[in-house]
Amino acid sequence: MRISSLLVLILAFTTRALADGLPDLGDTAQLALTPQMERRVGESIMRDIRLHDADYDDDPEASAYLNVLGNRLVANSQDARQDFEFFLEKDPTMNAFALPGGYIGVNTGTIVNAQSESELAAVLAHEIAHVTQHHMARMASNQGKLSTAALAAMVLAVLARNSQAGLAAASIGQAGAITAQIGFTREFEREADRIGFQTLQKSGFDVRAMPAFFERMQKAGRLYENNAPAYLRTHPITSERIADAENRIQGLPYKQTPDSLEFQLVRAKLRAEQGTPHDALTRLEADLRDKKYSNETAARYGVAAAMLRAAQPARAAATLAPLLRTTEDPMLVGLDARIKQASGDESGALAVLQQALVRYPNNRALTYACIESLQRLGRNPEAAAMVDEQIKNYPHDARLYALRAQGYAALGKRLLQHQAQAEVYALQGSLPAAIEQLQLAQKSGDGDFYQLSSVDARLRELRAQLLQEKKDKQ
Ligand SMILES: [Zn+2]
């Protein structure tokens, strides 16, 4: 699609959405976009984000936490059957955004600046409601037939997110400037607030967090004017929304909801990663000294993480040691292992990781760290056995295939290395790159008959898949 026609289309779409009012809320039967199509649009944007978005944050500890919290809310939402994936964007501004098909992005700044876990949950519940109420599909349904790429570009433009990829990148920039202020319409925002509130309440969070968060955002918006937080641009907060949220909490019994330790630790970790290492450490040490924290363990953990980042592993170890004696938590173990590695004690790191995995066998972050540690120690067969075992349980985990490729590379097994790398690309949705890896595997010259036939078979599969994708795009 040419840039000019896409622009016209987006303009037509936004003006119509504003002028015509909205399709009947609650009825999905007449939407032009089926749930399957929504998922495909979402997937295509996610692929773009994973491959090209430098801010995409795949920190396994933070994303595991975000997905546990998000899915707890989803279980109490309007549509618990919908699959959701929550992901992080390294961005200090507060924002969260919902893509069609259940993908929800959260800026790290949202967690860093949240005053409580209930506030973060309130933001997520609002985004989940945008998905379960199919707001994107409703906005698109005025448009008639659109290609997946055009829809994806439109969604990105509405969300005012930049993208490097082949989704008509230039037009997204221009259209984004036009649609940035519009975001979701007022009706959609009101519906997402109302339904998000119910989800928040059913999930046992403090519902007072919702108006409190809105008010803080509105204040921040007034302070910065032209540089208003991104959240305000995509979800404009009006006095009416604040009043609605306050009316909802009227007469509800007071319910205190303590923050989970995991929330506190993830927030502390993200705080330690924000800004320069020196500034982060200075800031977190000052907060600890002035007792500006809601959980002392998390505050000390944050300082230790910042010390490690500032290349002071000995001080980090001394700060973390007392916490390890009093608190049992996989994130503390993970930091302990990273500090040991930075101090040159790889065997010590492996020992604490292996010990912790006995207690937390399903912890993804500890598992990855353990495999990497085995590889660094040159214990490749053990690492490979662990990867194989994990892939049986998590066949769609691209990171495991990347670790498998690394292991084979260390062993000099070229066919197997390229074959594993092909699966990384296939899972990330980049079929041409996956096919190229399989061709390299064919030419590697170090595979036996069975290995070569398995490469050939997979190559045929992926080529057919690529052909189908090209047909779908037309
Ligand atoms: Zn919204």
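View 1. The predicted model contains 24 helices and four strands. Of the 474 residues of the protein, 44% count as buried. Among the contacts between residues at least 6 apart in sequence, 64% join residues that are at least 24 apart.

**View 2. The open sheet and the parallel pair β2 and β4.** Four strands form an open sheet in the order β1-β2-β4-β3, and their pairing is mixed. The edges are held by β1 (56–57) and β3 (96–99), each of which pairs on one side only. Strand β2 (residues 85–89) runs parallel to strand β4 (residues 103–107), and five bridges join the two. Within this part of the sheet, F86 stands opposite I104 in β4. Helix α3 packs on the sheet, where it touches β1, β2 and β4, and the direction of α3 makes about 140° with that of β2.

View 3. Strands β3 and β4 run antiparallel and are joined by four bridges, and the bridge partner of A96 in β4 is V106. The hairpin of β3 and β4 has three residues between the strands, and G101 there takes a positive phi near 85°. Side chains in a regular strand alternate between the two faces of the sheet. Helix α5 (residues 117–132) lies across β3 and β4, and α5 runs at about 20° to β3.

**View 4. The packing of helix α3 against helix α19.** Helix α3 (residues 60–74) and helix α19 (residues 364–376) pack with their axes 8 Å apart and at an angle of about 160°. Angles over 145 degrees count as roughly antiparallel, and α3 and α19 are therefore roughly antiparallel to each other. Their crossing is right-handed. On the α3 side the contact involves P60, E61 and A64, which meet R364, A365 and Y368 in α19. Sorted by class, the contact of α3 with α19 has four nonpolar and two charged residues, and no polar ones.

**View 5. The packing of helix α15 against helix α16.** Helix α15 (residues 296–309) and helix α16 (residues 313–326) cross at roughly 160°, and their axes come within 8 Å. This angle makes α15 roughly antiparallel to α16. The crossing of α15 and α16 is left-handed. Helix α15 contributes T297, R300, Y301, V303, A304, M307 and L308 to the contact, while α16 contributes P313, R315, A316, T319, L320 and L323. By class, nine of the residues in the contact of α15 with α16 are nonpolar, two are polar and two are charged.

View 6. Residue R186 belongs to helix α9 (residues 186–202). A residue with 20 or more other C-beta atoms within 10 Å of its own counts as buried, and one with 12 or fewer as exposed. R186 has 14 other C-beta atoms within 10 Å and is therefore partly exposed. Although R186 and H235 are 49 residues apart in sequence, their C-alpha atoms are 8.7 Å apart in space.

Definitions and conventions. Residues are numbered from 1 along each chain as its sequence is written. This is a predicted model: local features need pLDDT of at least 70, side-chain atom pairs count only at pLDDT 80 or more; totals for chains, interfaces and linings use all residues. Axes are lines fitted to C-alpha atoms, for helices over the stretch in contact, and angles run from 0 to 180 degrees between N-to-C directions. Angles under 35 degrees count as roughly parallel, over 145 as roughly antiparallel, 65 to 115 as roughly perpendicular and the rest as oblique. A crossing is left-handed if the near helix is turned anticlockwise from the far one by less than a right angle, and right-handed if clockwise. Two residues are in contact if their C-beta atoms, placed from the backbone, lie within 7 Å. Ala, Val, Leu, Ile, Met, Phe, Trp, Tyr, Cys and Pro count as nonpolar, Asp, Glu, Lys and Arg as charged, and the others, Gly among them, as polar. Two strands pair if DSSP finds at least two bridges between them.
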